[in-house]
There are 2 protein chains.
Amino acid sequence: MTDDDAGAFVPGQRFRIEGRADGPLAGLSFAAKDLFDVAGHPTGGGNPDWERVNPIPTRHAWAVQRLLGAGAALIGKTITDEVSLGIFGENMFYGTPRNARAPDRVPGGSSSGSAAAVAAGLCDTALGTDTGGSVRVPSSFCGLYGIRPTHGRLDLGGMMSQAPSSDTTGWFARDAETFARVSSVMLDEDIPTEVPRRLRIATDAFAFADPDVAAALQPMVAELGALISNVEDAVLAPPGLLVWAQAQRILQPYEAWQTFREWVDRSNPRFAFNVGRQLAHAAMIAESDRGPALRVRGEARVHMRDLLPPGTILCLPTTPFPAPLRGLPWSALDPLRARITGLAVVGGLTGMPQVSIPGTEVDGLPVGLSVIGRPGSDAALVAVARALAVRRV
Amino acid sequence: MTDDDAGAFVPGQRFRIEGRADGPLAGLSFAAKDLFDVAGHPTGGGNPDWERVNPIPTRHAWAVQRLLGAGAALIGKTITDEVSLGIFGENMFYGTPRNARAPDRVPGGSSSGSAAAVAAGLCDTALGTDTGGSVRVPSSFCGLYGIRPTHGRLDLGGMMSQAPSSDTTGWFARDAETFARVSSVMLDEDIPTEVPRRLRIATDAFAFADPDVAAALQPMVAELGALISNVEDAVLAPPGLLVWAQAQRILQPYEAWQTFREWVDRSNPRFAFNVGRQLAHAAMIAESDRGPALRVRGEARVHMRDLLPPGTILCLPTTPFPAPLRGLPWSALDPLRARITGLAVVGGLTGMPQVSIPGTEVDGLPVGLSVIGRPGSDAALVAVARALAVRRV
């Protein structure tokens, strides 16, 4: 870690691979979270015992190849929470990337280094992954644009998995125009100039956030309302956000344990305590607990499609609070994690796309406003982010 | 780790501190498990994040000072399972010390490096700790003499604690004469030449061991019987060895969590998965589970005192099988650990002293015979080990 790389890069994994000349992203640079394969470079996964037992990849991950093929240059691989299990961005092996917008705060995770690199201006965009909030949360904490696309939309080839029924590839940018350019390439779709006709405001989600966060986001919500004009209140999670979060906190770890158990058993890898504890708890989830959680998921998916017909989007705070201080004990972080999941749960549970939009601060700390749309509406959400930025200029 | 140190020593902690001239142990050398303070050297505890937050000690632990004061020279600090939580001796940070008697097998733990150093002839004796079997098990696996003294008998000053109601300081030797010399110093008591008058054979413990281990130990039991002459069968654990083990597997981790929780919370240390998992499980033990376990302990203590009046000792296999292969997945080791605890449980649960005596092999792998006596009978147990060796020569 050097002073000028924001502590964002995996040691020894700062390099440069040029993109194709004259693509739509020519002149842009990007970094890739260390869950993505880059040919000739180890995929570290944020844990020294993952790299140790996995061969160095011989081809790029789909997402890496997509950006290189569009002309962007890859400048390195960024630190992730261990095997993507974390939401704060503190890695006990490789350090905590610096949050340029709030240096005494965590960057958020698990796409911590990617967010930190973009926030520090070291690259224009960066690839992350989002299973339970790992792009959206660092977007909020670092004041960035970030997207979790519709689940199942993008090719996840060469991306290290955590929980397949929730895993997605996402990306960050500092400004709306770059965000739209990159999104158009990744989504393989033009970003429209029109915006959706109807906005629903998730009253339960705003009530769930800290009052000062909800208040600080009101001007952005008002601008969004002015842009879209047809505005109404809605309840995001009728059974309660924490009921949804509880279901996701059964489904996601259960799948994560299926993903990692063979490696964990064979290699007995080293983990920071709070990561190993997550896996130890995951290993104890009974198959019989999954049924009720899957029913909650099924009902949540139906509800979200009803709530979001074509042309409708919903807004909510991305996180209930700005980034916590670095170095807190996990006994202080555990309850914060539970609250973050309460707001971040929709994406992983229902697969809906979500974009986090920067533009507000609480006590000088960034916090994001999110828009969610029905499956496949990713480009419309990016369009909203861009239109809002244009309006605000 | 070099080829000639058996992988037994903590990296950088091979050194030499001379003992007092002309003490009773003059000419002997010893090593200390890295749970014992040695002035000027970090107490690593087998985990890099323990050393990181603990100051370098300025005085020797009582046990280290005791041996130095008696004339033995200290030659270094030995690898331990992380914070003494382990019974096999595989440390993911510092490696697995080699078992000189069975090179493809684990040395046993948590006093793994101390046992390995003595077994390899690198020193004459070595300090270990025994909370739930950490001297007795490596004694059995490496073919050594080893003692777990009466709980509470020795000063544990400067020894890193795990579970105070079970923690003890123990030691190893290759031959009975050295074992007796060191024991006399550590216990501050002459080793008698007479042996106890009555031997009880723990039939349930022999039935609990692998049949080939029980069979292989029979000649040693017969020699012991010939030495002591008054022999009878007895049941070690009337409610069942696994009932006792289950009680200990509540009491010991509960205490260990009290010992380590503040450090774990504040530092979020890295642990191999199976160590972090032990602590994660320990953190989940309810206070209400302790009551029944404490009742089992109380009954076990009364039973053991009844079973072992003055002049009576009991014998049992130290471990139910010889050392397992190195590098097994923990899903294979977990059931072995449970069985080891079934035989090792008496010491930690009841505080009785126990000596493990080498002299038998199964398929070329050492396995030990243990003798247990009432509290304070430590020297008598050492006397038995020495008398048996004399008889066998």
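**Exercise 1. Identify the residues through which H8(A) meets H9(A), and describe how the two helices are arranged.**

Step 1. Start with the contacts in this predicted model. From H8(A) come Pro253(A), Tyr254(A), Ala256(A), Trp257(A), Phe260(A) and Val264(A); H9(A) answers with Gln278(A), Leu279(A), His281(A) and Ala282(A).

Step 2. Sort these residues by class. Eight are nonpolar, two are polar and none is charged.

Step 3. Turn to the geometry. Two packed helices are described by the angle and the distance between their axes. Helix H8 of chain A covers residues 241-267 and helix H9 of chain A covers residues 273-282; their axes come within 9 Å and cross at roughly 105°.

Step 4. Classify the angle. Because angles of 65 to 115 degrees count as roughly perpendicular, H8(A) is roughly perpendicular to H9(A).

**Exercise 2. Work out how chain A and chain B are related and which elements of chain A touch chain B.**

Step 1. Count the residues in the contact. Chain A gives 20 residues and chain B gives 20 residues.

Step 2. Assign the chain A side to elements. H8, strand E9 (270-272), H9 and helix H11 (330-350) of chain A each give two or more residues. H9(A) gives the most, with seven residues.

Step 3. Sort the chain A side by class. It has 11 nonpolar, five polar and four charged residues.

Step 4. Compare the two surfaces. Of the interface residues of chain A, 100% are also interface residues in chain B, so the copies meet through the same surface.

Step 5. Look at the strands that pair between the chains. E9(A) and strand E9 (residues 270-272) of chain B run antiparallel and are joined by three bridges. In one of these pairings, Ala272(A) has Arg270(B) in E9(B) as its bridge partner.

**Exercise 3. State how chain A is divided into domains and describe the side of domain 1 that touches domain 2.**

Step 1. Domain 1 of chain A spans 3-187, while domain 2 of chain A is made of 198-241 + 288-392.

Step 2. Count the contacts. In chain A, 39 residues of domain 1 are in contact with 34 residues of domain 2.

Step 3. Name the contributing elements. Helix H4 (136-142), strand E5 (145-148) and helix H5 (176-187) of chain A each supply at least two residues of the domain 1 side.

Step 4. Give the classes. The side of domain 1 of chain A that touches domain 2 of chain A has 15 nonpolar, 15 polar and nine charged residues.

**Exercise 4. Give the strand order of the 11-stranded sheet in chain A and find its edges.**

Step 1. Write the order. The sheet is open and runs E1-E3-E2-E4-E6-E5-E11-E12-E10-E7-E8 (chain A), with mixed pairing.

Step 2. Find the edges. Strand E1 (9-17) and strand E8 (230-234) of chain A each have a single partner strand, so one side of each is left without a neighbour in the sheet.

Step 3. On average, neighbouring strands are turned by 25° against each other, direction ignored.

Step 4. Examine one pair. Strand E10 (residues 312-317) and strand E12 (residues 365-372) of chain A are antiparallel and share four bridges. Cys315(A) stands opposite Val371(A) in E12(A).

Step 5. H5(A) lies across strand E4 (125-129), E5 and strand E6 (169-173) of chain A, at about 155° to E6(A).

Notes:
Residues are numbered from 1 along each chain as its sequence is written. Chains are lettered from A and ligands numbered from 1 in the order in which they are written. This is a predicted model: local features need pLDDT of at least 70, side-chain atom pairs count only at pLDDT 80 or more; totals for chains, interfaces and linings use all residues. Domain bounds come from an automatic or database domain assignment. Two residues are in contact if their C-beta atoms, placed from the backbone, lie within 7 Å. Ala, Val, Leu, Ile, Met, Phe, Trp, Tyr, Cys and Pro count as nonpolar, Asp, Glu, Lys and Arg as charged, and the others, Gly among them, as polar. Axes are lines fitted to C-alpha atoms, for helices over the stretch in contact, and angles run from 0 to 180 degrees between N-to-C directions. Angles under 35 degrees count as roughly parallel, over 145 as roughly antiparallel, 65 to 115 as roughly perpendicular and the rest as oblique. Copies are superposed by least squares on the C-alpha atoms of residues with pLDDT of at least 70 in both. Two strands pair if DSSP finds at least two bridges between them.
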